[in-house]
Amino acid sequence: MQNTHIAIIGLGYVGLPLAVEFGKQYPTLGFDINTARLAELQQGHDSTLEVDDYELTEARHLTYSSSLDDLKACNVFIVTVPTPINEHKQPDLTPLIKASETIGKVLKQGDIVIYESTVYPGATEEDCVPVLERVSGLTFNQDFFCGYSPERINPGDKEHRVTTILKVTSGSTPEIADTVDQLYRSVITAGTYKASSIKVAEAAKVIENTQRDVNIGLINELALIFNKLGIDTEEVLKAAGTKWNFLPFRPGLVGGHCIGVDPYYLTHKAQSVGYHPEIILAGRRLNDGMGAYVASQLVKAMLKKRIHVEGARILVMGLTFKENCPDLRNTKVVNIVDELKDYGVQVDCYDPWINPEEAEHEYSISPISAPAAGEYDAIVLAVSHKQFTDMGAKQIRALGKGTHVLYDLKYILPAEASDLRL
Ligand SMILES: NC(=O)c1ccc[n+]([C@@H]2O[C@H](COP(=O)([O-])OP(=O)(O)OC[C@H]3O[C@@H](n4cnc5c(N)ncnc54)[C@H](O)[C@@H]3O)[C@@H](O)[C@H]2O)c1
């Protein structure tokens, strides 16, 4: 495509790394409605820590704006806005529709709009394209075209980066599919896979995360069974894992705004065509119940050690939805904290990765800056941040009172070093 001028709409975990890669080669506009986010990027810092300060400077052709006037110069629009669910666990397409309205206002003949946000099959052509047509007055696949290329990055993962993950691409016509594919291939060193249609690409992304969710749900169910049987789940998984085709999933909380959310996009679409998913929703229910389960296990273990639960002090180590990143979105550690508070205990949360104001704002949790030694009746190792694995059992136990319970949710410590594991 000649004179390619790219706009990335939504500069979050997905949009920024992509904008940086395109911005090394193409004139690229990073567009976001969050002016505070734009200000930090203009000052050369990414608070999500996905792109370091030096990498930001390498994107020499990348500029930032929230102005429609700046968008007008672009001819490829890549949409990376959030796709959350509402309180009824139904897809909330508001950001996607609003971003499409924004693009519709500046769309011209020959432009291409590529969606990257995770959606259900059909969302691009059935929900977004009508908005683009209505606002622009242009005709789809005649005046303007679309693509869909899902993102596979993983917050905090420094090994699988945007350029090193093979990228699925698609387009609304065979020619546009080629154009979209070539555009991504020019920045993705791992290469691309051109799907046969936009719907196929949309479905492929949503099932990647659904498959993970269901698999973790199965392992969580196995953990509940083995706990009742008094068998260590990790030991069982290690033994079973010696078979070549046993999949290496671990039990745990399923948080974040991808794996615990995306399956609802698929189940919503399935229900809209009269199919009521069973396995997918069963996995979701199980995974969502793990916080309450962990809290009840901990309280039982405390009672067994004759620790008075009401008024006890419990330290929860790690609040993010996964290790070694500051991402607090949809973290299920909060379910453990809430559940424990219902038992009348005092919970201290410690997480060296997070922004304390964000924890306060999102969850009304005021994290402590450092735990004091010898203070706690129970300690929950909830996230395997490097800092916690580095501490080891002795240092972690030193935070507990003479009699305490140490619950290792993440198998950070050797089996014998904790009192309780998931
Ligand atoms: N985070 C991940 O690891 C990941 C991985 C793969 C796919 N995804 C998918 O990618 C999409 C984006 O996720 P994210 O994690 O980057 O979200 P995010 O919340 O980190 O960032 C989204 C950005 O979009 C901006 N935004 C919202 N509405 C806008 C609008 N109308 N116009 C312009 N900007 C707008 C927000 O201000 C924010 O900066 C979602 O669909 C998500 O499911 C995320």
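A: Leaving out neighbours within four places in sequence, V261 is in contact with T83, P84, I85, G256 and N330 (contact means heavy atoms within 4.5 Å). V261 sits in the loop that runs between α9 (233-240) and α10 (262-272). Helices here are DSSP runs of H or I with at least four residues, strands are runs of E with at least two, and both are numbered from the N terminus. Is V261 buried or exposed? V261 is buried, at a relative accessible area of 6%. Buried means under 20% relative accessible area, exposed means over 50%, and partly exposed lies in between (1.4 Å probe, protein chains only). D288 is 27 residues from V261 in sequence, and their C-alpha atoms are 11 Å apart in space.

A word on the source. Residues are numbered from 1 along each chain as its sequence is written, and side-chain values use heavy atoms, without hydrogens or water. This is a predicted model: local features need pLDDT of at least 70, side-chain atom pairs count only at pLDDT 80 or more, and totals for chains, interfaces and linings use all residues.

V187 lies in the loop between α7 (174-185) and β8 (192-194). V187 is buried, with a relative accessible area of 6%. Beyond residues up to four places away in sequence, V187 touches E21, F22, Q25, Y26 and T163. From V187 to K24 the gap is 163 residues in sequence, yet 8.9 Å in space, C-alpha to C-alpha.

Now take helix α1, residues 15-25. This helix is mostly covered, with 9 of its 11 residues buried. Among the buried residues of α1 are E21 and F22, and V187 touches both. G15, L16 and P17 are also on the buried list of α1.

β1 runs parallel to strand β2 (residues 28-31), joined by 4 bridges. Two strands count as paired if DSSP finds at least two bridges between them. I8 has G30 as its bridge partner in β2.

T4 lies in the segment before β1. T4 counts as buried, at 9% relative accessibility. Its contacts include Y26, P27 and N75, with V76 and L183 also touched, again setting aside residues up to four places away in sequence. Y26 is also touched by V187.

Most residues other than glycine have a negative phi. K89 has a positive phi, near 60 degrees, and is not a glycine. K89 is in the loop between β4 (76-79) and α5 (94-106). Its relative accessible area is 37%, and K89 is partly exposed. N141 also has a positive phi, about 65 degrees, without being a glycine. N141 is in the loop between α6 (123-136) and β6 (145-148). N141 is partly exposed at 30% relative accessible area.

The order is β10-β9-β11-β12-β13, and the pairing is parallel. β10 (346-350) and β13 (420-421) stand at the edges with a single partner strand each, so one side of each has no neighbour in the sheet. Inside the sheet, β11 (residues 376-381) and β12 (residues 400-408) pair in the parallel sense over 5 bridges. I379 has L406 as its bridge partner in β12.

Step back to the whole. The chain has 15 helices and 13 strands. Its radius of gyration is 23 Å, close to the 22 Å of the globule rule for 422 residues, so the chain is as compact as a globular protein of that length. That radius is taken over C-alpha atoms, and the rule is 2.2 Å times the number of residues to the power 0.38. The C-alpha atoms fill a box of roughly 75 × 50 × 40 Å along the principal axes. Of the 422 residues, 54% count as buried. Among contacts between residues at least 6 apart in sequence, 73% join residues at least 24 apart. The pair V261 and D288, at 27 residues apart in sequence, lies 11 Å apart in space, C-alpha to C-alpha.
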